[in-house]
Amino acid sequence: MSQERFDELRTRLAEVFDLGKSAAILSWDQQTKMPPKGAPARAEQLATLGRIAHEKFTSDEVGRLLDELAGFEEAHEYDSFEASLIRVVRRDWQKARKVPVELRAEMTRAASLGIPVWVEARKNNDFASFLPVMRKNLDLRKQYIELFVDDFDEPYDVLLDDFERDMKSAEVREIFDYLKQHQAPLVKEIASRDGNAPTPAGRQFPLETQKQFELEVVRRFGYTDEAWRLDPTVHPFASGAAIDDIRITTRYFDDNLDGLFATMHETGHGLYEHQIGRELERSPLARGTSLGLHESQSRMWENLVGRSLPFWRHFFPRLRELFPDALAGYDVERWYREVNAVEPSLIRVDSDEATYNLHIILRFELEQELVGDAFPLEQLPEEWNRRVWDYLGIEVPDDTRGVLQDTHWAGGAVGYFSTYALGNLISAQIWERVLAELPSLYDDFEQGEFGALRDWLRENLHKHGRKFTPRETLERVAGTPTIDPAPYVRYLREKLGEIYGLPVAAA
(Lines give C-alpha, C1' and ligand atoms only; values in the text may rest on other atoms or scores of the structure.)
Protein backbone atom coordinates (compact mmCIF):
# COMPACT_ATOMS: atom_id res chain seq x y z
CA MET A 1 0.00 0.00 0.00
CA SER A 2 2.83 2.42 0.84
CA GLN A 3 4.42 1.80 -2.54
CA GLU A 4 1.12 2.62 -4.21
CA ARG A 5 0.91 5.87 -2.24
CA PHE A 6 4.48 6.72 -3.21
CA ASP A 7 3.71 6.04 -6.87
CA GLU A 8 0.66 8.29 -6.62
CA LEU A 9 2.77 11.06 -5.08
CA ARG A 10 5.35 10.72 -7.81
CA THR A 11 2.69 10.91 -10.51
CA ARG A 12 1.26 14.09 -9.02
CA LEU A 13 4.70 15.65 -8.73
CA ALA A 14 5.54 14.70 -12.31
CA GLU A 15 2.54 16.72 -13.50
CA VAL A 16 3.72 19.74 -11.50
CA PHE A 17 7.21 19.28 -12.92
CA ASP A 18 5.83 19.20 -16.47
CA LEU A 19 3.91 22.41 -15.90
CA GLY A 20 7.02 24.12 -14.53
CA LYS A 21 9.17 23.04 -17.44
CA SER A 22 6.52 24.11 -19.92
CA ALA A 23 6.60 27.54 -18.31
CA ALA A 24 10.40 27.53 -18.54
CA ILE A 25 10.24 26.95 -22.29
CA LEU A 26 7.66 29.72 -22.72
CA SER A 27 9.96 32.03 -20.76
CA TRP A 28 12.97 30.95 -22.84
CA ASP A 29 10.97 31.64 -26.00
CA GLN A 30 9.99 35.08 -24.71
CA GLN A 31 13.65 36.04 -24.34
CA THR A 32 14.92 34.50 -27.58
CA LYS A 33 12.24 34.07 -30.27
CA MET A 34 8.93 35.70 -29.33
CA PRO A 35 7.88 38.90 -31.14
CA PRO A 36 7.69 41.83 -28.70
CA LYS A 37 3.93 42.26 -29.01
CA GLY A 38 3.42 38.76 -27.66
CA ALA A 39 4.41 39.87 -24.13
CA PRO A 40 0.93 40.52 -22.65
CA ALA A 41 -0.46 37.19 -23.82
CA ARG A 42 2.70 35.39 -22.70
CA ALA A 43 2.37 36.89 -19.24
CA GLU A 44 -1.15 35.48 -18.93
CA GLN A 45 -0.03 32.08 -20.20
CA LEU A 46 2.76 31.93 -17.66
CA ALA A 47 0.47 33.11 -14.88
CA THR A 48 -2.02 30.38 -15.77
CA LEU A 49 0.64 27.67 -15.74
CA GLY A 50 2.04 29.01 -12.48
CA ARG A 51 -1.36 29.08 -10.84
CA ILE A 52 -2.24 25.52 -11.91
CA ALA A 53 1.16 24.19 -10.84
CA HIS A 54 0.89 25.92 -7.45
CA GLU A 55 -2.64 24.61 -6.87
CA LYS A 56 -1.62 21.07 -7.76
CA PHE A 57 1.49 21.12 -5.62
CA THR A 58 -0.04 22.69 -2.50
CA SER A 59 -3.18 20.56 -2.62
CA ASP A 60 -4.52 18.74 0.43
CA GLU A 61 -3.99 15.49 -1.44
CA VAL A 62 -0.21 16.02 -1.64
CA GLY A 63 -0.13 16.83 2.08
CA ARG A 64 -2.13 13.71 2.86
CA LEU A 65 0.24 11.54 0.84
CA LEU A 66 3.26 13.04 2.60
CA ASP A 67 1.72 12.24 5.99
CA GLU A 68 0.88 8.68 4.96
CA LEU A 69 4.41 8.13 3.65
CA ALA A 70 6.24 9.04 6.88
CA GLY A 71 6.85 5.39 7.71
CA PHE A 72 7.75 4.60 4.10
CA GLU A 73 10.41 7.33 4.22
CA GLU A 74 11.89 5.91 7.45
CA ALA A 75 12.06 2.45 5.91
CA HIS A 76 14.40 3.66 3.16
CA GLU A 77 18.00 4.79 3.31
CA TYR A 78 18.51 8.55 3.65
CA ASP A 79 20.31 8.67 0.28
CA SER A 80 17.61 6.75 -1.58
CA PHE A 81 15.39 8.33 -4.19
CA GLU A 82 12.29 7.49 -2.16
CA ALA A 83 13.41 9.02 1.12
CA SER A 84 14.98 12.02 -0.60
CA LEU A 85 11.86 12.79 -2.62
CA ILE A 86 9.55 12.67 0.38
CA ARG A 87 11.95 14.67 2.58
CA VAL A 88 12.57 17.44 0.04
CA VAL A 89 8.97 17.70 -1.11
CA ARG A 90 7.66 17.91 2.45
CA ARG A 91 9.83 20.97 3.09
CA ASP A 92 8.88 22.54 -0.27
CA TRP A 93 5.19 21.84 0.32
CA GLN A 94 5.20 23.39 3.78
CA LYS A 95 6.70 26.62 2.45
CA ALA A 96 4.64 26.80 -0.74
CA ARG A 97 1.44 26.03 1.18
CA LYS A 98 1.65 29.43 2.88
CA VAL A 99 1.55 31.30 -0.43
CA PRO A 100 -1.94 32.13 -1.79
CA VAL A 101 -2.39 30.97 -5.34
CA GLU A 102 -3.46 34.47 -6.43
CA LEU A 103 -0.19 35.94 -5.15
CA ARG A 104 1.87 33.27 -6.87
CA ALA A 105 0.08 33.89 -10.17
CA GLU A 106 0.48 37.65 -9.87
CA MET A 107 4.22 37.32 -9.13
CA THR A 108 4.60 35.22 -12.26
CA ARG A 109 2.51 37.63 -14.37
CA ALA A 110 4.40 40.71 -13.16
CA ALA A 111 7.76 39.07 -13.81
CA SER A 112 6.80 38.18 -17.36
CA LEU A 113 5.44 41.65 -18.09
CA GLY A 114 8.52 43.24 -16.56
CA ILE A 115 11.09 41.65 -18.86
CA PRO A 116 10.14 43.45 -22.12
CA VAL A 117 9.76 46.75 -20.26
CA TRP A 118 13.28 46.31 -18.89
CA VAL A 119 14.65 45.49 -22.36
CA GLU A 120 13.33 48.78 -23.74
CA ALA A 121 14.31 50.80 -20.68
CA ARG A 122 17.83 49.42 -20.83
CA LYS A 123 18.08 50.16 -24.53
CA ASN A 124 16.81 53.73 -24.06
CA ASN A 125 18.61 54.53 -20.78
CA ASP A 126 15.21 55.21 -19.25
CA PHE A 127 14.93 54.21 -15.59
CA ALA A 128 11.68 56.17 -15.21
CA SER A 129 9.90 53.78 -17.59
CA PHE A 130 11.18 50.82 -15.57
CA LEU A 131 10.28 52.27 -12.17
CA PRO A 132 6.64 51.01 -12.16
CA VAL A 133 7.87 47.47 -12.91
CA MET A 134 10.42 47.67 -10.13
CA ARG A 135 7.84 48.98 -7.69
CA LYS A 136 5.32 46.29 -8.60
CA ASN A 137 7.78 43.43 -8.24
CA LEU A 138 9.16 44.77 -4.99
CA ASP A 139 5.69 45.26 -3.51
CA LEU A 140 4.80 41.66 -4.40
CA ARG A 141 7.97 40.39 -2.71
CA LYS A 142 7.11 42.34 0.42
CA GLN A 143 3.69 40.68 0.47
CA TYR A 144 5.47 37.35 0.10
CA ILE A 145 7.81 38.14 2.99
CA GLU A 146 4.85 38.91 5.28
CA LEU A 147 3.64 35.34 4.89
CA PHE A 148 6.78 34.07 6.64
CA VAL A 149 7.42 36.84 9.16
CA ASP A 150 7.53 34.38 12.09
CA ASP A 151 9.67 31.76 10.36
CA PHE A 152 12.89 33.67 9.68
CA ASP A 153 15.33 35.88 11.58
CA GLU A 154 14.97 38.89 9.28
CA PRO A 155 12.85 39.78 6.23
CA TYR A 156 15.55 39.31 3.60
CA ASP A 157 16.13 35.74 4.83
CA VAL A 158 12.74 34.80 3.35
CA LEU A 159 13.87 35.70 -0.18
CA LEU A 160 17.40 34.36 0.21
CA ASP A 161 16.03 31.00 1.35
CA ASP A 162 14.21 30.57 -1.97
CA PHE A 163 17.55 30.51 -3.78
CA GLU A 164 19.99 29.25 -1.13
CA ARG A 165 18.08 27.07 1.31
CA ASP A 166 18.87 27.59 5.01
CA MET A 167 21.35 30.40 4.31
CA LYS A 168 20.93 33.45 6.52
CA SER A 169 21.61 37.05 5.57
CA ALA A 170 23.89 37.38 8.60
CA GLU A 171 26.05 34.52 7.30
CA VAL A 172 26.32 36.15 3.89
CA ARG A 173 27.26 39.48 5.44
CA GLU A 174 30.04 37.80 7.41
CA ILE A 175 31.38 36.13 4.26
CA PHE A 176 31.19 39.37 2.30
CA ASP A 177 32.96 41.27 5.08
CA TYR A 178 35.85 38.82 4.66
CA LEU A 179 35.89 39.47 0.92
CA LYS A 180 35.89 43.22 1.43
CA GLN A 181 38.75 42.84 3.88
CA HIS A 182 40.87 40.63 1.60
CA GLN A 183 39.69 41.02 -1.98
CA ALA A 184 39.33 44.80 -2.22
CA PRO A 185 42.96 45.39 -1.11
CA LEU A 186 44.09 42.84 -3.70
CA VAL A 187 42.36 44.83 -6.43
CA LYS A 188 44.04 48.02 -5.22
CA GLU A 189 47.41 46.29 -5.05
CA ILE A 190 47.08 45.15 -8.64
CA ALA A 191 45.93 48.60 -9.78
CA SER A 192 49.04 50.16 -8.25
CA ARG A 193 51.22 47.99 -10.49
CA ASP A 194 49.50 49.04 -13.73
CA GLY A 195 50.57 45.83 -15.42
CA ASN A 196 47.85 45.62 -18.08
CA ALA A 197 49.08 45.91 -21.65
CA PRO A 198 46.88 48.18 -23.79
CA THR A 199 44.32 46.34 -25.88
CA PRO A 200 44.75 47.11 -29.58
CA ALA A 201 42.08 49.47 -30.89
CA GLY A 202 39.77 48.63 -33.76
CA ARG A 203 39.93 44.85 -33.48
CA GLN A 204 37.17 42.92 -35.18
CA PHE A 205 35.95 39.42 -34.31
CA PRO A 206 33.36 38.43 -36.95
CA LEU A 207 30.27 37.09 -35.22
CA GLU A 208 29.82 33.94 -37.29
CA THR A 209 33.42 32.97 -36.63
CA GLN A 210 32.89 33.60 -32.92
CA LYS A 211 29.92 31.25 -32.95
CA GLN A 212 31.98 28.61 -34.73
CA PHE A 213 34.77 28.80 -32.17
CA GLU A 214 32.38 28.80 -29.20
CA LEU A 215 30.74 25.61 -30.39
CA GLU A 216 34.13 23.98 -30.88
CA VAL A 217 34.93 24.78 -27.25
CA VAL A 218 31.66 23.83 -25.57
CA ARG A 219 31.39 20.60 -27.54
CA ARG A 220 34.62 19.59 -25.81
CA PHE A 221 32.94 20.41 -22.49
CA GLY A 222 29.90 18.20 -23.20
CA TYR A 223 27.52 20.19 -25.43
CA THR A 224 25.82 18.02 -28.07
CA ASP A 225 23.55 19.09 -30.91
CA GLU A 226 21.10 16.33 -29.98
CA ALA A 227 20.37 17.65 -26.47
CA TRP A 228 21.38 21.33 -26.41
CA ARG A 229 20.61 24.68 -28.04
CA LEU A 230 22.65 27.89 -28.11
CA ASP A 231 20.82 31.13 -28.94
CA PRO A 232 21.47 34.88 -28.64
CA THR A 233 19.64 37.03 -26.09
CA VAL A 234 19.91 40.38 -24.32
CA HIS A 235 21.07 38.89 -21.01
CA PRO A 236 22.58 35.37 -21.09
CA PHE A 237 20.87 32.61 -19.12
CA ALA A 238 20.44 28.83 -19.08
CA SER A 239 17.13 27.01 -19.15
CA GLY A 240 15.57 23.85 -20.56
CA ALA A 241 12.74 21.34 -20.32
CA ALA A 242 14.51 18.09 -19.42
CA ILE A 243 17.85 16.40 -18.87
CA ASP A 244 18.16 16.05 -22.64
CA ASP A 245 16.69 19.46 -23.49
CA ILE A 246 19.20 22.09 -22.38
CA ARG A 247 18.81 25.68 -23.63
CA ILE A 248 21.73 28.08 -23.16
CA THR A 249 21.96 31.63 -24.44
CA THR A 250 24.70 34.19 -24.95
CA ARG A 251 25.37 37.59 -26.49
CA TYR A 252 28.02 38.69 -28.97
CA PHE A 253 30.20 41.75 -29.50
CA ASP A 254 32.12 42.28 -32.72
CA ASP A 255 35.08 44.00 -31.02
CA ASN A 256 35.82 41.45 -28.27
CA LEU A 257 35.29 37.84 -27.21
CA ASP A 258 33.36 38.46 -23.99
CA GLY A 259 30.56 36.36 -25.44
CA LEU A 260 32.82 33.32 -25.39
CA PHE A 261 33.12 33.49 -21.62
CA ALA A 262 29.37 33.99 -21.26
CA THR A 263 28.83 30.87 -23.35
CA MET A 264 31.26 28.83 -21.26
CA HIS A 265 29.50 30.15 -18.14
CA GLU A 266 26.06 29.05 -19.31
CA THR A 267 27.47 25.70 -20.44
CA GLY A 268 28.51 25.10 -16.83
CA HIS A 269 24.90 25.62 -15.76
CA GLY A 270 23.73 23.36 -18.56
CA LEU A 271 26.10 20.55 -17.61
CA TYR A 272 24.72 20.52 -14.07
CA GLU A 273 21.19 19.99 -15.39
CA HIS A 274 22.29 17.59 -18.14
CA GLN A 275 24.16 15.28 -15.79
CA ILE A 276 21.47 14.90 -13.13
CA GLY A 277 20.67 11.23 -12.48
CA ARG A 278 18.04 10.06 -14.93
CA GLU A 279 16.08 8.34 -12.18
CA LEU A 280 15.29 11.84 -10.86
CA GLU A 281 13.70 13.06 -14.11
CA ARG A 282 10.20 14.55 -13.86
CA SER A 283 10.53 15.08 -10.11
CA PRO A 284 11.37 18.07 -7.88
CA LEU A 285 14.81 16.50 -7.38
CA ALA A 286 15.75 16.96 -11.04
CA ARG A 287 17.56 20.28 -10.74
CA GLY A 288 20.47 21.85 -8.91
CA THR A 289 20.26 21.91 -5.13
CA SER A 290 20.79 25.67 -4.85
CA LEU A 291 21.77 28.63 -6.97
CA GLY A 292 25.07 28.96 -5.12
CA LEU A 293 26.02 25.39 -6.06
CA HIS A 294 24.70 26.02 -9.56
CA GLU A 295 26.75 29.18 -9.92
CA SER A 296 29.84 27.32 -8.74
CA GLN A 297 29.56 25.21 -11.88
CA SER A 298 29.15 28.10 -14.31
CA ARG A 299 31.99 30.07 -12.76
CA MET A 300 34.17 26.97 -12.69
CA TRP A 301 33.87 26.32 -16.42
CA GLU A 302 34.09 30.00 -17.29
CA ASN A 303 37.05 30.92 -15.10
CA LEU A 304 38.87 28.02 -13.47
CA VAL A 305 38.81 26.18 -16.78
CA GLY A 306 38.21 28.83 -19.46
CA ARG A 307 40.66 31.43 -18.17
CA SER A 308 43.41 28.97 -17.27
CA LEU A 309 46.73 28.93 -19.08
CA PRO A 310 46.56 25.18 -19.92
CA PHE A 311 43.16 25.76 -21.57
CA TRP A 312 44.60 28.47 -23.81
CA ARG A 313 47.74 26.53 -24.59
CA HIS A 314 45.41 24.15 -26.35
CA PHE A 315 42.90 26.56 -27.89
CA PHE A 316 44.95 29.67 -28.66
CA PRO A 317 46.48 28.31 -31.90
CA ARG A 318 42.97 27.69 -33.19
CA LEU A 319 41.81 31.11 -32.00
CA ARG A 320 44.67 32.84 -33.80
CA GLU A 321 43.91 30.81 -36.93
CA LEU A 322 40.31 32.06 -36.91
CA PHE A 323 41.13 35.69 -36.03
CA PRO A 324 44.59 36.33 -37.54
CA ASP A 325 44.17 40.10 -37.91
CA ALA A 326 42.73 40.73 -34.45
CA LEU A 327 45.45 38.65 -32.79
CA ALA A 328 48.42 39.73 -34.88
CA GLY A 329 51.51 39.90 -32.67
CA TYR A 330 49.93 37.81 -29.90
CA ASP A 331 51.30 34.67 -28.30
CA VAL A 332 49.44 32.54 -25.77
CA GLU A 333 51.03 34.27 -22.77
CA ARG A 334 49.92 37.71 -23.93
CA TRP A 335 46.40 36.47 -24.58
CA TYR A 336 46.29 34.75 -21.17
CA ARG A 337 47.24 38.02 -19.48
CA GLU A 338 44.59 39.89 -21.45
CA VAL A 339 41.72 37.56 -20.57
CA ASN A 340 42.77 37.70 -16.92
CA ALA A 341 43.38 41.45 -16.75
CA VAL A 342 42.11 43.11 -13.59
CA GLU A 343 40.38 46.40 -14.24
CA PRO A 344 37.28 47.74 -12.47
CA SER A 345 34.41 47.97 -14.94
CA LEU A 346 30.77 48.96 -15.02
CA ILE A 347 29.20 45.71 -16.19
CA ARG A 348 28.93 42.77 -13.80
CA VAL A 349 28.82 39.98 -16.37
CA ASP A 350 31.92 41.32 -18.13
CA SER A 351 33.93 41.96 -14.96
CA ASP A 352 37.14 40.14 -14.08
CA GLU A 353 37.51 37.54 -11.35
CA ALA A 354 39.04 39.95 -8.84
CA THR A 355 36.32 42.61 -9.03
CA TYR A 356 33.26 40.45 -9.75
CA ASN A 357 32.37 39.81 -6.11
CA LEU A 358 32.40 43.54 -5.41
CA HIS A 359 29.60 43.93 -7.98
CA ILE A 360 27.61 41.33 -6.06
CA ILE A 361 28.21 42.84 -2.63
CA LEU A 362 26.80 46.21 -3.68
CA ARG A 363 23.68 44.53 -5.10
CA PHE A 364 23.23 42.40 -1.96
CA GLU A 365 23.40 45.49 0.22
CA LEU A 366 21.00 47.40 -2.02
CA GLU A 367 18.44 44.60 -1.99
CA GLN A 368 18.31 44.52 1.79
CA GLU A 369 17.75 48.27 1.84
CA LEU A 370 15.04 47.97 -0.82
CA VAL A 371 13.22 45.38 1.26
CA GLY A 372 13.60 47.58 4.32
CA ASP A 373 12.43 50.80 2.56
CA ALA A 374 15.70 52.51 3.44
CA PHE A 375 15.24 55.05 0.65
CA PRO A 376 12.60 56.04 -1.91
CA LEU A 377 12.66 53.78 -4.94
CA GLU A 378 13.16 56.78 -7.21
CA GLN A 379 16.63 57.16 -5.64
CA LEU A 380 17.77 53.68 -6.65
CA PRO A 381 20.00 54.89 -9.53
CA GLU A 382 21.67 57.40 -7.22
CA GLU A 383 22.27 54.75 -4.55
CA TRP A 384 23.60 52.36 -7.19
CA ASN A 385 26.02 54.91 -8.59
CA ARG A 386 27.32 55.82 -5.13
CA ARG A 387 28.17 52.22 -4.32
CA VAL A 388 29.86 51.64 -7.66
CA TRP A 389 32.13 54.54 -6.81
CA ASP A 390 32.71 53.27 -3.26
CA TYR A 391 33.57 49.71 -4.29
CA LEU A 392 35.01 50.07 -7.76
CA GLY A 393 36.17 53.67 -7.94
CA ILE A 394 34.46 54.45 -11.23
CA GLU A 395 31.62 56.80 -12.18
CA VAL A 396 28.47 55.45 -13.82
CA PRO A 397 27.74 57.45 -16.99
CA ASP A 398 24.18 56.23 -17.54
CA ASP A 399 21.55 53.88 -16.15
CA THR A 400 21.95 51.42 -19.04
CA ARG A 401 25.40 50.61 -17.73
CA GLY A 402 24.24 51.09 -14.16
CA VAL A 403 21.06 50.10 -12.42
CA LEU A 404 19.40 48.75 -15.59
CA GLN A 405 22.15 46.34 -16.60
CA ASP A 406 20.73 43.20 -14.91
CA THR A 407 17.48 41.44 -15.74
CA HIS A 408 16.82 40.01 -12.26
CA TRP A 409 14.70 42.75 -10.73
CA ALA A 410 12.62 42.92 -13.90
CA GLY A 411 11.82 39.25 -13.40
CA GLY A 412 11.12 39.67 -9.69
CA ALA A 413 14.25 37.79 -8.57
CA VAL A 414 15.02 39.74 -5.39
CA GLY A 415 17.30 37.75 -3.09
CA TYR A 416 19.20 36.12 -5.95
CA PHE A 417 22.36 38.18 -6.34
CA SER A 418 24.41 36.94 -3.38
CA THR A 419 24.38 33.42 -4.82
CA TYR A 420 26.67 34.59 -7.63
CA ALA A 421 29.47 35.43 -5.22
CA LEU A 422 28.73 32.38 -3.07
CA GLY A 423 29.10 30.31 -6.23
CA ASN A 424 32.53 31.82 -6.83
CA LEU A 425 33.64 30.79 -3.36
CA ILE A 426 32.18 27.30 -3.65
CA SER A 427 33.88 26.80 -7.02
CA ALA A 428 37.29 27.33 -5.41
CA GLN A 429 36.47 24.97 -2.54
CA ILE A 430 35.46 22.26 -5.01
CA TRP A 431 38.45 23.00 -7.23
CA GLU A 432 40.91 22.24 -4.45
CA ARG A 433 39.23 18.85 -4.01
CA VAL A 434 39.20 18.21 -7.77
CA LEU A 435 42.93 18.96 -8.16
CA ALA A 436 43.76 16.69 -5.23
CA GLU A 437 41.86 13.79 -6.82
CA LEU A 438 42.72 14.55 -10.47
CA PRO A 439 46.39 15.65 -10.37
CA SER A 440 46.78 15.44 -14.18
CA LEU A 441 43.83 17.75 -14.83
CA TYR A 442 45.82 20.65 -16.28
CA ASP A 443 47.71 18.24 -18.53
CA ASP A 444 44.32 17.09 -19.81
CA PHE A 445 43.34 20.69 -20.56
CA GLU A 446 46.48 21.22 -22.63
CA GLN A 447 45.37 18.26 -24.73
CA GLY A 448 41.85 19.63 -25.09
CA GLU A 449 40.42 16.92 -22.85
CA PHE A 450 37.76 17.82 -20.28
CA GLY A 451 36.03 14.47 -19.76
CA ALA A 452 37.76 13.67 -16.46
CA LEU A 453 36.53 16.89 -14.90
CA ARG A 454 33.05 16.50 -16.35
CA ASP A 455 32.79 12.91 -15.08
CA TRP A 456 34.09 13.82 -11.62
CA LEU A 457 31.49 16.56 -11.30
CA ARG A 458 28.75 14.22 -12.46
CA GLU A 459 29.61 11.55 -9.90
CA ASN A 460 30.26 13.85 -6.97
CA LEU A 461 27.73 16.64 -7.53
CA HIS A 462 25.53 16.72 -10.60
CA LYS A 463 23.86 13.32 -10.44
CA HIS A 464 22.42 14.00 -6.96
CA GLY A 465 20.22 16.89 -8.10
CA ARG A 466 18.28 18.17 -5.07
CA LYS A 467 18.46 14.98 -3.01
CA PHE A 468 20.44 16.78 -0.33
CA THR A 469 20.44 20.25 1.20
CA PRO A 470 23.04 22.74 -0.03
CA ARG A 471 25.11 22.18 3.11
CA GLU A 472 24.91 18.41 2.78
CA THR A 473 25.83 18.64 -0.88
CA LEU A 474 28.78 20.94 -0.23
CA GLU A 475 30.11 18.56 2.41
CA ARG A 476 29.90 15.68 -0.03
CA VAL A 477 31.62 17.50 -2.89
CA ALA A 478 34.11 19.72 -1.01
CA GLY A 479 34.51 18.04 2.36
CA THR A 480 32.85 20.78 4.44
CA PRO A 481 29.26 22.02 4.89
CA THR A 482 30.44 25.61 5.28
CA ILE A 483 31.05 28.14 2.52
CA ASP A 484 34.63 29.30 3.06
CA PRO A 485 35.89 32.43 1.25
CA ALA A 486 39.56 31.72 1.98
CA PRO A 487 40.19 29.25 -0.89
CA TYR A 488 38.85 31.73 -3.43
CA VAL A 489 41.00 34.58 -2.16
CA ARG A 490 43.95 32.19 -2.09
CA TYR A 491 43.25 31.15 -5.68
CA LEU A 492 43.05 34.76 -6.83
CA ARG A 493 46.26 35.77 -5.10
CA GLU A 494 48.18 32.80 -6.48
CA LYS A 495 46.92 33.23 -10.04
CA LEU A 496 47.05 37.00 -10.24
CA GLY A 497 50.26 37.07 -8.25
CA GLU A 498 51.99 35.19 -11.05
CA ILE A 499 50.55 37.52 -13.67
CA TYR A 500 51.20 40.78 -11.84
CA GLY A 501 54.24 39.84 -9.80
CA LEU A 502 52.59 40.17 -6.40
CA PRO A 503 54.17 38.88 -3.21
CA VAL A 504 52.80 35.58 -1.93
CA ALA A 505 50.55 36.04 1.10
CA ALA A 506 48.18 33.83 3.04
CA ALA A 507 44.47 34.53 2.58
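Predicted model: local features only at pLDDT ≥ 70, side-chain atom pairs only at ≥ 80, totals over all residues.
Mentor: Residues are numbered from 1 along each chain as its sequence is written, and side-chain values use heavy atoms, with hydrogens and water left out.

Trainee: How do you know that strand 2 and strand 3 pair, and in which sense?

Mentor: Strands are DSSP runs of E, at least two residues, and helices are runs of H or I, at least four, numbered from the N terminus. Two strands pair if DSSP finds at least two bridges between them. Strand 2 (residues 238–242) and strand 3 (residues 245–250) have four bridges, in the antiparallel sense. Ser239, for instance, has Arg247 in strand 3 as its bridge partner. A hairpin of two residues joins strand 2 to strand 3.

Trainee: What makes strand 1 and strand 2 edge strands?

Mentor: The open sheet has three strands in the order 1-3-2, with mixed pairing. Strand 1 (228–232) and strand 2 each have a single partner strand, so one side of each lacks a neighbour in the sheet.

Trainee: Why are helix 13 and helix 14 called roughly perpendicular?

Mentor: Axes are lines fitted to C-alpha atoms, for helices over the stretch in contact, and angles run from 0 to 180 degrees between N-to-C directions. Under 35 degrees counts as roughly parallel, over 145 as roughly antiparallel, 65 to 115 as roughly perpendicular and the rest as oblique. The axes of helix 13 (residues 309–322) and helix 14 (residues 332–339) cross at roughly 115° and come within 10 Å. The pair is therefore roughly perpendicular.

Trainee: What makes Tyr78 and Phe468 a stacked pair?

Mentor: Rings of Phe, Tyr and Trp (its six-membered ring) pair if their centres lie within 6.5 Å; planes under 30 degrees apart count as stacked, over 60 as edge-to-face and the rest as tilted. Tyr78 and Phe468 are 6.5 Å centre to centre with 15° between the planes, hence stacked. Tyr78 sits in the loop between helix 4 (70–74) and helix 5 (81–96), and Phe468 in the loop between helix 19 (451–460) and helix 20 (470–478), so the pair ties together parts 390 residues apart in sequence.
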